[in-house]
Amino acid sequence: MSSRTNISCLQEAKRVAIFGGTHGNEMSGITLVNMWIQNSAEIERNGLVIKPFISNPRAVEKCTRYIDTDLNRAFTPENLSAPDVEGLPYEVQRAKEMNRMFGPKGSSDAYDAIFDLHNTTSNMGSTLILESSTDLFNLQMVHYIKKAMAPHTCSVLLNEHPQLKYSTTRSVAKHPIGLEVGPQPQGVLRSNVFEFMRTILKHALDFIELFNSGVEFPPCTVDVFRVQERMDYPRDTNGNITAMVHPHLQDCDWEPLNRGDPMFLTFDGRTVLYEGANTVYPTFINEAAYYEKQQAFMTTCREILAANAIRKACK
Amino acid sequence: MLLFKDILFLWVLKQNQLRTINQSDSVKTCLAVRALHHRDTKLGGMLPYNTCYSGKQTHILWTLGGAILSSPITDSSPYEVRRAQELNNLLGLKGSTDAIDLICDLHNTTSNMGLTLIHYTSSDWVTLHICKYLQTKITKVPVRVLVLDVPISDAYSLESVSKHGFSLEVGPQPHGVVRADIYIIMKEAVDLTIDWIHKFNSGTVFEGGDVEAFKFIKSVDYPRDPETRTLTAAIHPQLQDKDFCLLKRGDPLFLSFSGETVNYEEEETLHPFFINEAAYYEKGIAFHLGKKMMLTIPTVRVQKD
C-alpha cells in the first residue's frame, strides 16, 4: 500500500550542465562535450536548459590533468571566496569563475544538476559518484540509470566521508553527479567507453525530463559502495614507491578484498597482504592520477540506501 | 663479433617511480630523462590532436637525428634537444667507434602490443639474435619483432646512438601507471637480454635461423574534421586491442561519433600495431601498418682476440 504522505515533492530541475575536461586528459567527456557544443540536438530535452561546458580549457589544450592544481579539488570555501588578485593558480581562478556561472555553491541560484564526466585508468566500469546519501533526486536518478543500462552494470560510489570527501567541480550544483568510466588510459579515446558514457547521459537527461513532466517515481533502494579509507603504496623514506598493486588485485575493482588477500607486490618480489579485519570492496585501483595523492586504491563497504517516492512540487 | 663491454639500459624516472633491474659489472643503467614532476616529462606529454605538432614540445626519441645532434645549444633550446646532445656525448658519439656497444631502450605503450622488440634495420644480427632468444624463452605474452628499415644515419631515436640498439616496448599500460604484470614481463625481457650477452661474451655459439618480423609500411590517421582537425571517430571496437591481427579489405577500422563504420579499403593484407597509442594522437597516427616477413640470420659467435 503506498502512502501519499511518503512522497517527497521536489523542485523542478530546469538548469542542467554537463562538464567535460575537468581533467584535461580524460578524453570521453572532452569529446562528448565538444561534440554537443557543436551540435546539441542529442542532449536537448523539453523544458530543460542544458549547457555542455569544458571546465578546464587550458588543461584540455595541453592534454594534461591540470595546469597548476587539480580543478576537481579546487571548489573549497577558501578558494571560492579568495579575492581576485594576480598570481592565483589558474584552477582557483577557474573555480571562482565557474562558481559565478553555475553557482553560487549552496545558493538557490545554483544550477539544479551538474554531470561531471571523468575517465579512470582503473577497471571501474561505469560508475556514478554521489556525495550525499540523502539527496533523493540523485538516488532516484541513479536508480533509473542503473535499470536503464542493465544488463550493463553501473556501480554507485558514495563519498560522504568527512575527511576523504573533496570539493568537486560539480559540487557547485544542487544535485552533483560524477560519471566515472574506465578503464581508459589518459589521452586515449576508447570507443566502448565513449559510448557507455554517452548512453548514461542520455538516460540521466531522460529521467530529468520525465521528472519535470510530473512523473512520480516510486520508493526505491540503491546499492552503493561507501568510501572508507585511502590505501597508499608502500614507500621508502624518500617517498618513492617500493611496490606495485599485486596482480591478483589489479583490475579487481568492486570485488571483495579479505584479510590475507594479496595487496601489493614489492619490486623485489615480496607479497604484501591486506590485514584489515573486515571485507572491503576496493575501487580506484591503480589510478594514474592518484600516485601523487598517495593513493593506490580506496576501500569501500557495501550499503543499501532507501529513497522515498519523489514527484515534482506543485507551484 | 666483438665482445660486448658496455651495455646500457635506459629507463625514465617518472615522479618518484624508479624501476631497478639486476645489474652486473658490464651493464650500466642510465637515466634518460629526469622529470621533476610527471607533467613535465615530454615522454608522455602530448599536444592536443586539434593543433599542429609544434617544435616547442620535443620528444626525446625524435631528437637524435644528425641535424639536431650538431645544432648549437642556446637558452631557448628545448630540454630534450639539450638532453639528446648530452646523451650523445655520454654514450656516443653516434656513428663512431667510441660509441657504447648496445643500448636497450625501455618503453611502454597504451596499445595492446604485448612485448615488441623494435629495430631500425633488418641487418643487425646481434639484436635479431637477442629477439630470437627472447621469443623462445618468453611464453607469457606474444613476443614480436618490428623492423623500421631506416638507415642508422637517418635514425632519430636513442638506441641509434650505440653500435647496436633496440627498444623493448611493453603494453598495454596507461601513462603514469606501473602494472605488476607489465613490469614482470619487461624485467624478464631485460634479464634474458643480459643473459644472452653474457653467454655470447663467454663464447656460446648461437645458431642461425629464421625470425618472423613485421616491417613498418605506413601510418593511418584518425578521421578528422577538415577545418578544426578534431577527431570525428574512434578506433572501432573490433580493431581496438587487436594489434598485429590480420587486416583485410572490408574489416572495420573506425566508428564515427555519428555511428558510421569506416572500413579498410586497400587490397593488401597488412598488420596494424600501435593501435590507439596515447602519445600518437599529436602525431596524427591512429595506428601503423606492417607487413609480415621472415628474416634469416646467420650463426654467430664472439670474436676471440
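A:Arg190 and B:Asp241 join their side chains in a salt bridge, 2.7 Å from N to O. The term stands for a side-chain nitrogen of Lys or Arg within 4 Å of a carboxyl oxygen of Asp or Glu. Across the interface of chain B and chain A, the rule finds 2 salt bridges.

A quick word on the basis: this is a predicted model, where local features need pLDDT of at least 70 and side-chain atom pairs count only at pLDDT 80 or more, while totals for chains, interfaces and linings use all residues. Residues are numbered from 1 along each chain as its sequence is written, chains are lettered from A in the order in which they are written, and side-chain values use heavy atoms, with hydrogens and water left out.

Now for the rest of the interface. Here, contact means heavy atoms within 4.5 Å, and 33 residues of chain B touch 34 residues of chain A in that sense. Together the two chains bury about 2,900 Å², with 56% of it on carbon and sulfur atoms; that is accessible area (1.4 Å probe) lost on being put together, summed over both parts.

What classes of residue make up the side of chain B that touches chain A?

| Class on chain B's side | Count |
|---|---|
| nonpolar (Ala, Val, Leu, Ile, Met, Phe, Trp, Tyr, Cys, Pro) | 18 residues |
| polar (the others, Gly among them) | 12 residues |

Over in chain A, A:Glu131 is buried, at a relative accessible area of 10% (buried means under 20%, with a 1.4 Å probe and protein chains only). Among the residues A:Glu131 touches are A:Leu158, A:Lys165 and A:Pro176.

Notes:
Buried < 20%, exposed > 50% of the residue type's maximum accessible area, 1.4 Å probe, protein only. Lists of a residue's contacts leave out its neighbours within four places in sequence.
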